Amino acid sequence: MTRTIDKSLKHIDNKINQMRTKNKDSDHFKVKDNVFDEATLNALHKLFRKRYIEALGGPISTGKEANVFLAEGEDKELAIKIYRISSSTFRAMEDYILGDPRFSNIRNAKKDIIFAWTKKEYRNLIRAKEAGIRVPEPMITERNILVMEFMGDDGKAYPLLKYVSFDIEDGQRIYHTVTKYMRMLYQKAKLVHGDLSEYNIMIDTHDLSPIIIDVGQAVTLEHPRADYFLRRDVENIIRYFKRYKINTSPEELYTYIINSSE
Ligand SMILES: Nc1ncnc2c1ncn2[C@@H]1O[C@H](COP(=O)(O)OP(=O)(O)OP(=O)(O)O)[C@@H](O)[C@H]1O
Ligand SMILES: [Mg+2]
């Protein structure tokens, strides 16, 4: 028992070291050293010990605020999203606040915000799934780490909508599913995505069905900016699907999302 755990721990540490080495030689994997600060490493170890993760795979995506890695669970592939504690969003703020003795606790405050954000994405995924929307199924969060269902095949993630093209008929079908999901998210889950675009929709390459991702920023309907976010999501979706001869106006789609009952 202990030996298996040791082996897994060794494996994860090796993986991390490999990534660091890769990062030095090329910028193909833009994995910054600070992705795995010690606390994040400990949180990963905890997920190993609890057997949520059996092995860590390579990076799927390295973004501004989070990195996504492939991992192996007990009987399926997983995606692990790790929010970076020192993300650029907080850096500007940090410059003004660090060193000011009144804010000596800012590091904790910042961490707390990121942990809360991770939990928020987990809860939003659950709400969206319960409303019947296809999203990755969330498993667990630990600090700044979200473990979820891997959307892809044999370790290869499905492509983003941005990178695939379809014939008109399939494009229109995808549009109808996406807008139905926007309505279900609004009416059933009582959420507005807030960052919906071709960059946060994956496409299942078997049946060309859309999968909504990246729901950390999604807000509840009573949020003061919910309406503004919804209108922006609507604009993005209308803009993107124009190429598939969708002639709906933003106003029409907006009304469908908030009023339609079919
Ligand atoms: N469950 C998943 N299965 C497979 N791939 C995923 C999954 N979740 C995310 N990805 C991949 O990782 C990428 C980044 O994920 P996501 O959009 O959730 O993070 P992000 O917040 O946009 O990151 P950033 O804004 O920092 O770039 C996605 O575009 C997708 O390619
Ligand atoms: Mg994204």
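Here is a chat about the predicted model shown above.

Visitor: Hi! What should I know about the model and its numbering before we start?

Guide: This is a predicted model, where local features need pLDDT of at least 70 and side-chain atom pairs count only at pLDDT 80 or more, while totals for chains, interfaces and linings use all residues. Residues are numbered from 1 along each chain as its sequence is written, chains are lettered from A and ligands numbered from 1 in the order in which they are written, and side-chain values use heavy atoms, with hydrogens and water left out.

Visitor: Great. How many helices and strands does the chain have?

Guide: There are seven helices and 11 strands. Both are DSSP runs numbered from the N terminus, helices being H or I with at least four residues and strands E with at least two.

Visitor: And what share of the residues counts as buried?

Guide: 46% of the 262 residues do. Buried means under 20% relative accessible area, exposed means over 50%, and partly exposed is in between, using a 1.4 Å probe and protein chains only.

Visitor: How much of the contact count comes from residues 24 or more positions apart?

Guide: Those pairs make up 63% of the contacts with a separation of 6 or more. A contact here means heavy atoms within 4.5 Å.

Visitor: Let's go to the metal. Which protein donors does the magnesium ion have?

Guide: For the magnesium ion (ligand 2), they are Asn 200 through OD1 and Asp 214 through OD, lying 2.2 Å from it. Asn 200 sits in the loop between strand E8 (191-192) and strand E9 (201-203), and Asp 214 in the loop between strand E10 (210-212) and strand E11 (219-220), so the pair, 14 residues apart, links distant parts of the chain. Donors are N, O and S atoms within 2.8 Å of the metal (3.2 Å for Na, K and Ca), and sites may look incomplete, since water is not among the atoms.

Visitor: Is Asn 200 buried or exposed?

Guide: Asn 200 counts as buried, at 6% relative accessibility. Asp 214 is partly exposed, with 23%.

Visitor: What else touches Asp 214? I was looking at Glu 121.

Guide: Glu 121 does touch Asp 214, and its other contacts are Lys 81, Tyr 83, Leu 146, Val 215 and Gly 216, leaving aside residues up to four places away in sequence. Glu 121 belongs to helix H4 (residues 106-130) and is buried, with a relative accessible area of 1%.

Visitor: Switching topic: what is the strand order in the five-stranded sheet?

Guide: The order is E1-E2-E3-E5-E4, in an open sheet with antiparallel pairing. Strand E1 (55-62) and strand E4 (138-142) stand at the edges with a single partner strand each, so one side of each has no neighbour in the sheet. Two strands pair if DSSP finds at least two bridges between them.

Visitor: Which helix packs on that sheet?

Guide: Helix H2 (residues 38-49) does, touching E1, E3, E4 and strand E5 (145-149), and its direction makes about 40° with that of E5. Axes are lines fitted to C-alpha atoms, for helices over the stretch in contact, with angles from 0 to 180 degrees between N-to-C directions.

Visitor: How do E2 and E3 meet?

Guide: Strand E2 (residues 66-72) and strand E3 (residues 77-83) pair antiparallel over seven bridges, and a hairpin of four residues joins them. Asn 67 has Ile 82 as its bridge partner, while Val 68 stands opposite Lys 81.

Visitor: And on to E5?

Guide: E3 and E5 pair in the antiparallel sense over five bridges, with Leu 78 partnered by Glu 149. Six of the seven residues of E3 are buried, so E3 is largely enclosed by the rest of the structure.

Visitor: What about E4 and E5, how many bridges join them?

Guide: Four bridges do, and the two strands run antiparallel. Ile 140 stands opposite Val 147. The hairpin has two residues between the strands, and Arg 143 in the turn has a positive phi of about 50°.
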